[in-house]
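User: I would like to learn how to read a structure like this one. Please take me through it step by step.

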Protein chains: 4
Amino acid sequence: MNFASDNAGPVHPRVMSALIDANEGHAPAYGTDRWTRDAVERIRDVFEAPEAAVHLVATGTAANALALATLARPWDAIFCTEMAHIQEDECNAPEAFSGGAKLIALPAPEAKLTPATLRPALEFAGGSVHQAQRGPVSITQATEKGTVYALDEIRAVTATAREFGAKVHLDGARFANALVALDCSAAEMTWKAGVDAVSFGGTKNGLMGVEAVVVFDPSLSREVELRRKRAAHLFSKQRYLGAQMAAYLTDGLWLEMARASNSALSLLVEGLRALGCDPAWEPQANLVFVRLPRAMHQRLRAAGAAYHLWEGPLEQGDPDEPLLCRLVCDWSVGTGTVDRFLAVAAGERVPASVPPC
Amino acid sequence: MNFASDNAGPVHPRVMSALIDANEGHAPAYGTDRWTRDAVERIRDVFEAPEAAVHLVATGTAANALALATLARPWDAIFCTEMAHIQEDECNAPEAFSGGAKLIALPAPEAKLTPATLRPALEFAGGSVHQAQRGPVSITQATEKGTVYALDEIRAVTATAREFGAKVHLDGARFANALVALDCSAAEMTWKAGVDAVSFGGTKNGLMGVEAVVVFDPSLSREVELRRKRAAHLFSKQRYLGAQMAAYLTDGLWLEMARASNSALSLLVEGLRALGCDPAWEPQANLVFVRLPRAMHQRLRAAGAAYHLWEGPLEQGDPDEPLLCRLVCDWSVGTGTVDRFLAVAAGERVPASVPPC
Amino acid sequence: MNFASDNAGPVHPRVMSALIDANEGHAPAYGTDRWTRDAVERIRDVFEAPEAAVHLVATGTAANALALATLARPWDAIFCTEMAHIQEDECNAPEAFSGGAKLIALPAPEAKLTPATLRPALEFAGGSVHQAQRGPVSITQATEKGTVYALDEIRAVTATAREFGAKVHLDGARFANALVALDCSAAEMTWKAGVDAVSFGGTKNGLMGVEAVVVFDPSLSREVELRRKRAAHLFSKQRYLGAQMAAYLTDGLWLEMARASNSALSLLVEGLRALGCDPAWEPQANLVFVRLPRAMHQRLRAAGAAYHLWEGPLEQGDPDEPLLCRLVCDWSVGTGTVDRFLAVAAGERVPASVPPC
Amino acid sequence: MNFASDNAGPVHPRVMSALIDANEGHAPAYGTDRWTRDAVERIRDVFEAPEAAVHLVATGTAANALALATLARPWDAIFCTEMAHIQEDECNAPEAFSGGAKLIALPAPEAKLTPATLRPALEFAGGSVHQAQRGPVSITQATEKGTVYALDEIRAVTATAREFGAKVHLDGARFANALVALDCSAAEMTWKAGVDAVSFGGTKNGLMGVEAVVVFDPSLSREVELRRKRAAHLFSKQRYLGAQMAAYLTDGLWLEMARASNSALSLLVEGLRALGCDPAWEPQANLVFVRLPRAMHQRLRAAGAAYHLWEGPLEQGDPDEPLLCRLVCDWSVGTGTVDRFLAVAAGERVPASVPPC
C-alpha cells in the first residue's frame with residue numbers, strides 16, 4: 001500500500017523491454033543514436049512543434065533548472081508559487097544553474113499563480129537597476145498540491161507575463177496526469193496557451209529516469225545543449241534514455257499510465273470522502289492532501305501503508321485530531337490496493353500482505 | 001568493428017538482469033533503497049574504506065565536478081594535465097560546480113602529472129591574495145592517452161601535493177582498466193597512495209550509466225550529498241543506479257570486463273605493431289593512439305570500422321601519410337572483431353558484415 | 001531641500017582633509033598602508049574586538065554580499081525581511097557572491113525579523129537534502145523603514161538563530177544612526193547581542209565611499225580577503241579608503257554626524273505631525289516614511305524639495321489623497337533646511353533658493 | 001625611490017582639486033550626477049565613439065571582469081597570454097563574474113598574443129559540445145612585461161579572432177602609457193583596430209581609483225550596468241568617480257602624466273643599460289623587467305629603493321648573480337629620483353633621504 005510518491009513505483013514492463021531491445025551491439029554516444037532521434041521526433045509530434053528544441057535529461061530538477069537558466073539571466077527574478085518544487089525541493093538548483101537568479105515565491109491559495117498575485121511582483125521587478133529584473137514565470141502542471149490549471153488559467157498567467165515581456169516555463173513533472181485530467185492536447189496546454197518552455201516529465205509516470213527539456217524557440221537549442229553538458233547531464237550512453245522516452249510515447253503508453261494513476265486517486269479520494277475526510281485542495285490529478293484522524297493514520301501505518309505525514313512528528317495525541325497527509329498514486333497502484341487501504345482506513349482488519357518500504 | 005569509445009558498447013547482460021530484478025514493486029526514493037545501500041557497501045569493501053563517503057551519480061563528468069568542487073574553493077586553482085578530461089572535455093563543468101575555480105593545465109608528455117611539472121605551479125599559487133590559491137590536484141587513471149600511472153608515480157604526485165597542503169583527486173573513468181593493468185588493490189591505487197577522492201567509473205566499463213563519488217574523509221559526505229542534489233544529480237528512482245553498481249561489483253564482473261577490454265586492446269596493438277604502426281603513447285589499458293597510413297585508414301573506414309581520426313579532416317592526400325587515430329576496446333569487443341580489423345588493416349578482403357554506427 | 005537619501009549629501013570636510021593629507025608621496029598598495037592599519041585598529045577598538053577580521057570595501061552592497069557569502073554556503077537559505085536591502089535593492093548581489101544561496105524574504109510589519117516569523121522558516125530549512133539548508137539570518141539596523149531594533153529584539157533574533165545553528169549578519173548601512181538612537185556601545189549592539197558579522201557603513205554617514213566588513217570570528221579573515229579580491233573589491237590605492245575611515249572614527253566624527261542626521265529627522269517628523277502627517281513606521285533614526293497629501297507634495301516639488309515618492313506615478317488626482325513618501329536626513333541637512341521644508345509644506349511662500357538636484 | 005608600482009604613487013593635485021570642487025551640496029546618487037555625465041561624454045570623445053557604452057568602476061579587476069563577463073558565456077573559453085593580469089593576478093575574478101568561463105593561457109614570448117598562438121586554440125574550442133566554446137580574446141596594452149602591441153599586431157589578433165566569431169577585449173590598465181608610446185589615437189588603438197571592449201584605466205595613471213568599462217556595441221550597455229550593480233560596483237556617491245575621470249580627461253592631463261611616466265622609465269632604462277643591465281623585454285611604456293647583479297640590488301635596497309624582486313627570496317649569494325627585478329615609474333617619479341637611483345646602482349654614495357615604503 002505505497003502512496004508515498006509516484007517515484008516509488010516500478011518502471012513499466014514495456015519500457016523495460018525497450019531498454020533490453022536497445023542493448024544490442026554498439027551505438028554512437030552523446031545523443032547521436034537512433035533511439036534519441038526517435039524520442040525527440042515523438043516529443044515534437046506530441047507537441048505539434050516540429051522545430052522545438054528537445055533535449056533529454058534524467059531528473060526533473062535538471063529539466064527545470066536547465067529550462068529556467070535558459071530563460072533567465074543571473075540578475076533576474078524568477079516568479080513562482082511559494083510551494084513550487086523549484087522553490088522548496090531543489091536545494092537551490094535553479095539558483096545554481098542560472099548563476100544566481102532570485103526566486104520570488106508568491107502566495108498561491110490553490111497552488112496556482114494568478115494575474116492578481118503575479119502582476120505586482122512583475123511591476124516591482126522593472127523598477128530600476130537596483131532590483132532583480134523581470135525574468136521568467138514558472139508554473140507547475142499538475143501543481144504540487146494536486147490541483148490542475150484550467151487552460152484559461154494558464155492563458156491568464158501567460159498573458160500577464162507577456163505584458164511585461166516575461167517568458168513562461170511549465171514544470172510538467174506530472175504533465176501527463178494534468179493532460180488526461182484536462183482532456184486536451186499537449187500543444188493546447190503549452191505553446192498554444194502561451195508557454196515558452198516545458199519540463200516534460202516521464203520519471204514520475206513509469207520511466208526509470210527521463211525528462212525532456214522542451215523549448216519552443218528553436219534558436220535556444222544550442223544553449224540548452226551547452227548548459228546540459230556543462231551541468232554534467234549529457235549522458236554518454238544516451239540511447240537508454242532515448243529508448244525509454246520512445247517507448248513512453250508509443251501506442252499511448254504515457255497517457256494510459258497517467259489515466260491509471262488518476263483513476264486510482266479518484267477512487268481513493270471518493271473512499272476517503274465517504275469516511276469524512278475531505279481533501280485540503282481539490283484533487284484533479286494523481287495526488288491528494290487530506291487530513292486523516294490520528295487513529296486512522298495509526299491503523300494505516302500499522303497495516304504497512306506508506307505516505308507522507310506532512311506536518312511534523314505528530315504521532316501521539318488525541319485520536320480524533322486530523323493530521324495533514326499527502327497520498328500519491330503511481331501507474332502501478334491498482335484498485336485492489338486502494339480498496340485495501342480504504343478498508344483499513346475504515347477500521348476493517350486487513351492482512352498486511354505487503355510490508356512498507 | 002567499433003573502437004570509437006568504451007561508451008559505445010552495450011550494457012553487460014548481468015547488469016540488465018539486475019535492473020529487471022530491481023523492478024519489482026515500490027521502493028523508497030532518493031537513495032534510501034536497499035540496492036543503493038548494497039552498492040555503497042560493496043564500494044567501501046572494494047576500497048577497504050568502511051567509513052568513506054560514497055555517492056552515486058550517472059555521468060563521469062558529474063562525478064569529477066562534484067569531487068573537485070568538494071575539494072576546491074571558488075578562488076582556488078585546480079591542477080591537471082593539459083589533456084585532462086576535466087580540462088578538455090567537460091565544457092566548464094568543473095568551473096561551474098566549483099563556483100569558478102581555475103584549472104591550471106600543465107604540460108604532460110606521457111599524459112601524467114609529475115612532481116617536476118606540478119611543483120612550480122603549486123609554488124606560484126601560494127604567492128599572495130592576487131593569485132588563484134592552492135587547490136586540489138587531479139590525475140586521471142588510466143590516462144586520456146591510454147597510459148597508466150605506476151603506484152610510485154601516483155605517490156610522487158600526492159607527496160608533492162601534500163607538501164603544499166593540496167588534496168588529490170583521481171578521475172577513474174577507466175579505474176578498473178588501470179587496476180587490472182597494475183594488478184593491485186583499489187586501496188593501493190588510491191588512499192594508500194595518498195589520493196583523497198575518486199571518481200569511480202562504471203559507465204565506460206559495461207554499465208548503463210553509474211559512477212560513484214568516493215571521498216575518503218567521511219566528514220565531507222553531507223557536502224557531497226548537498227552538492228549532488230543542487231546539481232540535480234540526485235535520482236528519485238535511485239534503485240536503478242544502485243542495482244547496476246551492485247551487479248558490477250558482484251563476483252568480480254567489473255574486473256572481468258576490464259580484463260576483456262585490456263586484452264582486446266593488447267591484441268589490437270600487437271597486430272598493428274606487426275603492420276608497422278607503433279603507438280604514440282605506451283598503451284597500458286584499453287585505449288591506444290596510433291598513426292595509421294592514410295590508405296590503411298581508408299580501407300578500414302570502407303570496411304565499416306569506427307574509431308576517432310584525431311587530427312582534423314585529413315581524408316584526402318598521400319596514401320602513406322600517417323594519420324593519428326584513437327582506438328578503444330570496450331568489454332564486448334571480442335577477439336574475432338579485432339582479428340577482422342587487423343585483417344582489413346593488413347589489406348585482406350573481409351566481408352563488412354556489421355555496418356558502422 | 002534634499003531629503004532623497006543620505007547618499008546624496010557631501011563628504012564631511014574633515015574627511016576631505018584626511019584624503020588630502022594621505023596624498024603625500026608613495027605608499028604600499030592593496031591595504032598594506034598605514035592608513036588602512038589605523039582604520040582597522042580604530043574599528044576593532046570601536047567594537048571592543050581586538051581580534052576581529054576587518055576589511056574595507058567601497059560599497060554597502062559589497063560589504064553585505066561579502067559578509068553573507070562568508071557565512072553561507074551555496075546551498076543555504078539566507079533569512080531576511082521582505083523589505084531588506086539585500087532582497088530588494090542589490091540586484092542579486094548576495095546570490096552572486098554566495099554562489100546561488102536562496103534569500104527567504106519573511107513578512108515584517110515593523111521591518112524587523114522576530115522569533116515568531118523566523119522560527120518556522122528555520123525549521124523548514126532543516127528538513128532534508130531537498131530544501132535550501134539553514135544558512136545565516138540577516139537583520140538591518142537601522143531598518144529600511146527607519147525603525148531601530150531594541151537590544152532585546154536583536155537578542156531574541158540571535159537566540160532563535162543560535163538554536164538552529166544559524167549565524168547572524170547585521171546590515172549596518174545606518175549603523176551609527178541606530179547606535180546614537182539606542183545610546184549603547186557598538187559591542188552591545190553586535191557581538192554582545194549575538195551578532196556574528198557586521199556591514200559597518202560609512203558612506204551614508206558622510207564618507208565618500210567606505211564600509212567595513214567586520215567578522216568577529218578571526219579564523220574567517222583570510223576567506224573574507226580572498227572573497228574581496230575575487231569580487232574585484234580590493235583597492236590598489238587603499239590608503240584613500242583607510243584615510244576616510246580613520247578620520248570618521250577620530251574624535252567621534254561618526255557619532256557627531258549621525259546625531260546631526262537623527263536630530264534633523266526628529267525636527268522634520270515633529271513638524272509634519274503638527275501638520276497632520278503621521279509616520280507610517282515609528283522613525284527612530286534618520287529616515288521616515290510618511291503620507292503627504294497630494295497638494296502638499298505638489299507644493300514641495302514646486303519649491304524644489306527632493307525625496308522619494310514611494311508608490312507609483314501618482315502626481316495627478318485628488319489634492320487631499322495621501323501619498324506615501326520617504327524622506328532621509330544626511331549629516332549636512334541643517335535645521336534651516338528642515339524649517340524651510342516645513343514652511344512650504346504648511347503652505348507658506350518660501351523663496352526656492354536652492355534648485356533641486 | 002619608489003618603483004614598486006604605478007599604484008604606489010599619489011593622486012595628481014588637479015584630480016584632488018576636482019574632488020573638492022565636486023563636494024558641494026547634494027547630488028543625485030548612483031551615477032545620475034553631472035560629473036559622471038561629463039566623464040562619460042569625455043570618454044566617448046576620446047574614443048570618437050559617441051554611442052559607446054561607458055560605465056565607471058573603481059578597480060581595474062572590476063573593469064576587466066565586467067567587460068569579459070559581458071562578452072563571454074559561462075561555457076566559453078577566454079583566450080589570453082600566460083602572464084595576463086586576468087590569469088595571474090585577479091584571484092579568479094574573471095571566472096567569478098562570467099559564471100565559470102575557462103581562461104586559456106597561451107604562451108607569449110613577448111607578452112603578446114599572436115595569430116600563430118591564438119589560431120589553434122580557437123580551432124580546438126569550436127570542436128563540439130564537450131569543449132569550452134569560443135569566447136572572447138583578451139589582450140593587455142601596454143603588456144604586463146612593459147612591451148606595447150604595434151597597431152598592426154593588434155589588427156592581426158583581432159582579424160584572427162574575427163575569423164572565428166570571437167570578440168576582443170583590451171585590458172588598458174596602462175592604456176595611456178601605450179597610447180603615448182604609439183603616438184596614435186584611442187580610436188586607432190581600439191575599435192578601428194578591431195577591439196570590442198576596453199578596460200580604460202585611470203588608477204595606475206594618477207587617479208585615486210577609477211576605471212571605465214567601454215563597450216563599443218551600445219546594445220550591451222544595460223547588461224554592463226546590471227552586471228556592475230550585481231557585482232556591487234555601482235557607487236552611490238558616484239560623483240566622486242565622475243569628477244576624477246573628468247579631470248583626468250581635461251586639458252590632456254592623462255597624456256601628460258603618461259608621458260612623464262614613460263620618460264622617467266626611458267631615463268631609467270638608459271641608465272641601467274649603461275651599467276650593463278639590459279631589459280628582459282623591450283620596455284616601451286613605463287615598466288621594465290631587468291636583471292640586476294645581487295650586489296647592485298643590495299646597494300639599492302640599503303638605500304631605500306622599492307621595487308619587485310621577481311624571482312624568489314634570493315637575497316644571499318654570489319654578488320654578481322643577476323636577479324630579475326621589475327621597476328615601474330608612475331607620473332610622480334621625477335628625473336631627480338631616477339638619477340639618484342642610478343647613482344646608487346652605479347655604486348656612488350647617495351644620502352637616503354626618503355625611507356622606503
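**Reading the fold and its contacts**

Analyst: Start with the secondary structure: chain A has 14 helices and ten strands. Keep in mind that this is a predicted model.

User: What percentage of the residues of chain A count as buried?

Analyst: A residue is buried if 20 or more other C-beta atoms lie within 10 Å of its own. In chain A, 61% of the 357 residues count as buried.

User: Which domains does the assignment give for chain A?

Analyst: Domain 1 covers 13-248 and domain 2 covers 253-346. Their centres, taken over C-alpha atoms, are separated by 28 Å. The contact takes 19 residues from domain 1 of chain A and 18 residues from domain 2 of chain A. On the domain 1 side, helix 8 (175-182) of chain A gives the largest share, six residues. That side divides into ten nonpolar, five polar and four charged residues.

User: How many residues of chain C are in contact with chain A?

Analyst: 16 residues of chain C are in contact with 16 residues of chain A. Helix 5 (93-98) and strand 3 (102-106) of chain C each give two or more residues to the side that touches chain A. The residues of that side of chain C are eight nonpolar, four polar and four charged.

Key:
Residues are numbered from 1 along each chain as its sequence is written. Chains are lettered from A and ligands numbered from 1 in the order in which they are written. This is a predicted model: local features need pLDDT of at least 70, side-chain atom pairs count only at pLDDT 80 or more; totals for chains, interfaces and linings use all residues. Two residues are in contact if their C-beta atoms, placed from the backbone, lie within 7 Å. Helices (H or I, at least four residues) and strands (E, at least two) are DSSP runs, numbered from the N terminus. Ala, Val, Leu, Ile, Met, Phe, Trp, Tyr, Cys and Pro count as nonpolar, Asp, Glu, Lys and Arg as charged, and the others, Gly among them, as polar. Domain bounds come from an automatic or database domain assignment. A residue is buried if 20 or more other C-beta atoms lie within 10 Å of its own, exposed if 12 or fewer, and partly exposed in between; C-beta atoms are placed from the backbone.
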